[in-house]
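Have the viewer open as you read.

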Amino acid sequence: MVTAKATPGTVDIWRTRVARSAVLGCLLGAVLAGFLLAAGPATPALAHATLLDSDPADGAVINTPPSEVTLTFNEPVEPVPNRVIIVAPTGERADGDEPRAEGSQLIIPVDDASETGTYLVSYRVISADSHPVAGSIMFSVGAPSDEPPVLAEGDGGNPVVTAAVSINKYLGYTGLVLMIGPGVMLALLWPRRLPRQGPAKLLWIGAGLVTLATLGGVWLQGPYTTGGGLLEVDAAGLRDVLSSAYGTAHVVRLGVLVAVALLLRPLLTGTATRSDLMLLAGLGLVGLGTWPVSGHPIASPVPAVSIAVQTVHLAAAAFWIGGLVALGAFLLRRADERELGAILPVWSGWAAVAVSVLMVAGVVQSVVELGVPEALWSTTYGRLLLAKVGLFAGVVAVAGYSRRLVRTKIAPTRPQALRVAVVAETVVLIAVLVISSVLVQTTPGRTAVQEADAPLQQDYAVTLDTELYSLQVLLEPAAQGANVVHMYAYTPDGERLPVLEWQATAALPEAGVEPVEIPVLTLTADHAIGQVVLPVTGDWQFRFSLRVSEFEQASVEATVPIR
């Protein structure tokens, strides 16, 4: 802010400092975003549902061929078209009609399981919170096969798409911040004499980002659920997305955006009536509600409570962060001492309420999503939540300092100190926003604990990098006995990589087990599968060699704990 008594030189100095601080904040946010995305789980997909049981059981040897296979999850799921199949020992498809979901059970009709040997059931489903879940089980009729069955078709998750989904979430949250914060400031706290173009531009930019993120979410959901690449989207896939609950929420959000755009003119010109503001507030709540109904809250044990809490949480966060942006970028620079004396106490009170709401909503959300206290430190979700709480505590401390400046009436006469505090708050809140974007893509603590306890979900996943390729390995169930190894090859840039020759071995030196060759079958150019029996527990050493051209080959190793 510059008061009427400030000199032009002072104004220029502070504008430069604020600009530098803003750039620094953006850089810190970008660096943190990259770190969190890079440190995220290296799995083909972010699974938010857990396979609890199957009939026949995984690894079972049965005498009578089943008429259907039943997979039981911990929450309702929907099958991904053409991604739920049964492969007979001969390599032919053995599934019959389309699989059907009945609540948390996925029922797969079996066409013919009369062939003696091992059958592979490969599944890819969408959990209730819109995230894909992939895996497989095996059972044998009569006796196990000497070689693994051939999978007719299958796919793994694309890491580029997974990262794009988190980035898209961040863009959407940024748009919410730029819409709601400046919008509320224009509606209730903006001095009549000040121009409204600045915050109006922020509001339109925010609306554009939310629109872009909404359209991007619909586009990305297709390859995210099927495991394809960014451009592997067709009309049928878009139709499937739009007909789902996830797609419905996004269509509603687009409708709200159109309605809001048509009603914004009175707000931006300062002529909005009470009814105009109430209508915009109602539309805003509906729009905010589309985020939780297409995410974790819809799959929580108490969905109605989770959706309401998450909606309020989003509203409070967007108001607080967006209000700080409007305050630091415009009001503290343009309003005079008298105007700030009237505005700042009101803003300080509202910000205190927003912080209180965030704290209460955050506690409720955490209790629901963590499930048990141990999930706070034993799961990725819990650790990210702790990082978010730590940053939030820091920003609350800075906000408390700002509030003292306002309550002692120092801020209107010494806006420089308040401006520094506002910039500091904004920088830390950028980091909080980044963590939130990753958090909504991370398996909730309650589900992660269930996965750890579920006997069928001991799968081991790792990404192994060389200069030639990035190899994603999924070992199922990573336990003593028969195991299936999935291998997905990508270029270092995340594109699918055709492989000319696959080789894999497993050894347990501590028990004197020399490297055993794993029979590998190529399913697609970038996806191969193998089957290996691990007779004893221990830290098994797996070695993978991929030849990607006539003269280019590289090997990678992984140590897998088998318990």
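Which residue in β16 is the bridge partner of asparagine 483? Valine 532 is that partner. Keep in mind that the model is predicted.

This bridge belongs to the pairing of strand β12 with strand β16, which runs in the antiparallel sense over eight bridges. Both strands sit in an open sheet of five strands, with antiparallel pairing and the order β10-β11-β12-β16-β15. At its edges are β10 and β15, each of which pairs on one side only. Direction ignored, neighbouring strands of this sheet are turned by 25° against each other on average.

| Strand | Residues |
|---|---|
| β10 | residues 460-465 |
| β12 | residues 481-490 |
| β15 | residues 520-524 |
| β16 | residues 527-534 |

Now for the helices. Helix α3 covers residues 197-226 and helix α4 residues 235-242; their axes come within 9 Å and cross at roughly 110°. Because angles of 65 to 115 degrees count as roughly perpendicular, α3 is roughly perpendicular to α4. The crossing in which α3 passes α4 is right-handed.

Which residues meet where these helices touch? From α3 come Val218, Trp219, Gln221 and Gly222, and they meet Leu238, Val241 and Leu242 of α4. Sorted by class, this contact of α3 with α4 has five nonpolar and two polar residues, with no charged ones.

Methods:
Residues are numbered from 1 along each chain as its sequence is written. This is a predicted model: local features need pLDDT of at least 70, side-chain atom pairs count only at pLDDT 80 or more; totals for chains, interfaces and linings use all residues. Side-chain values use heavy atoms; hydrogens and water are left out. Axes are lines fitted to C-alpha atoms, for helices over the stretch in contact, and angles run from 0 to 180 degrees between N-to-C directions. Helices (H or I, at least four residues) and strands (E, at least two) are DSSP runs, numbered from the N terminus. Angles under 35 degrees count as roughly parallel, over 145 as roughly antiparallel, 65 to 115 as roughly perpendicular and the rest as oblique. A crossing is left-handed if the near helix is turned anticlockwise from the far one by less than a right angle, and right-handed if clockwise. Contact means heavy atoms within 4.5 Å. Ala, Val, Leu, Ile, Met, Phe, Trp, Tyr, Cys and Pro count as nonpolar, Asp, Glu, Lys and Arg as charged, and the others, Gly among them, as polar. Two strands pair if DSSP finds at least two bridges between them.
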